[in-house]
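Thanks for coming. I have one chain to go through today, and I will start with its contacts.

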Amino acid sequence: LVAGAEEAISQFSPDDFDIVVTDIKLKGLSGIELLRSIREKSAEFPVILLTGYDSVTTTIQAVRLGAQDYLVKPLDTIDDLLLPVKKAVDYYRLLRKSRGLEIDLLESESRYRTSIESAPYGIIVTDRNDKILIYNPQLERISGYAKNDIPDLRAWFEKICPEEDCRSRVLQEIRVADAEASPSMREISV
């Protein structure tokens, strides 16, 4: 709890609070100005505005600035406040968790790609439609073909293995890769 908008602005950090619930009419700065200041620090932090004076102009302003809710006083029950607060906080926590997982995934993908790119053996990764997703430098060196020279796995297979015994060996590798692969891609090492 703070005494006014100025104090709220000076103490605000999205990492320290879950939500801001404020009246529009405040001593000093207004709740709209507080919301505007919060948006400068965090575009998604949940803010709920309360007002005793329902105004279309203020409502439009609040929505444009990204208020999660705009409640007109007097509220009939405490649940009229608690339910929007819970919904906004739950959504914001889920959003932050999702962003964290997205960052983790991007870092993991980067480590995976770096591992493949620096592997001492040739690696080709395709999707289930045989489109080449990754074709590492070692495979270019071993095969003599750049990724841009080969549109898909079938074209690579025809260039690399024109003989029957070679095709049989690679087909066996593909079957093993398919059995162990994720539903969206497979990896074949040569």
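Among contacts in the protein chain (heavy atoms within 4.5 Å) between residues at least 6 apart in sequence, 46% join residues at least 24 apart. This is a predicted model, where local features need pLDDT of at least 70 and side-chain atom pairs count only at pLDDT 80 or more, while totals for chains, interfaces and linings use all residues. Residues are numbered from 1 along each chain as its sequence is written, and side-chain values use heavy atoms, with hydrogens and water left out.

Next, the overall form. The C-alpha trace of the protein chain spans about 85 × 30 × 25 Å along its principal axes. Buried residues, meaning those under 20% relative accessible area with a 1.4 Å probe, protein chains only, make up 34% of the 190 residues.

Now the cores. A nonpolar core here is a set of buried Ala, Val, Leu, Ile, Met, Phe, Trp, Tyr and Cys residues joined through side-chain atoms within 4.5 Å. The largest has 17 residues, and those with the most contacts inside it are Val 20, Ile 38, Phe 45, Val 47 and Leu 49. Helices (H or I, at least four residues) and strands (E, at least two) are DSSP runs, numbered from the N terminus. At least two residues of this core come from each of α1 (5–11), α2 (31–41) and β2 (47–51), and α2 gives the most, with 4 residues.

What does Val 20 contact, leaving aside its neighbours within four places in sequence? The partners are Phe 12, Leu 34, Ile 38, Phe 45, Pro 46, Val 47 and Ile 48. A second, separate core of 12 residues includes Ile 132, Leu 139, Ile 150 and Ala 155.

Note on methods. Buried < 20%, exposed > 50% of the residue type's maximum accessible area, 1.4 Å probe, protein only.
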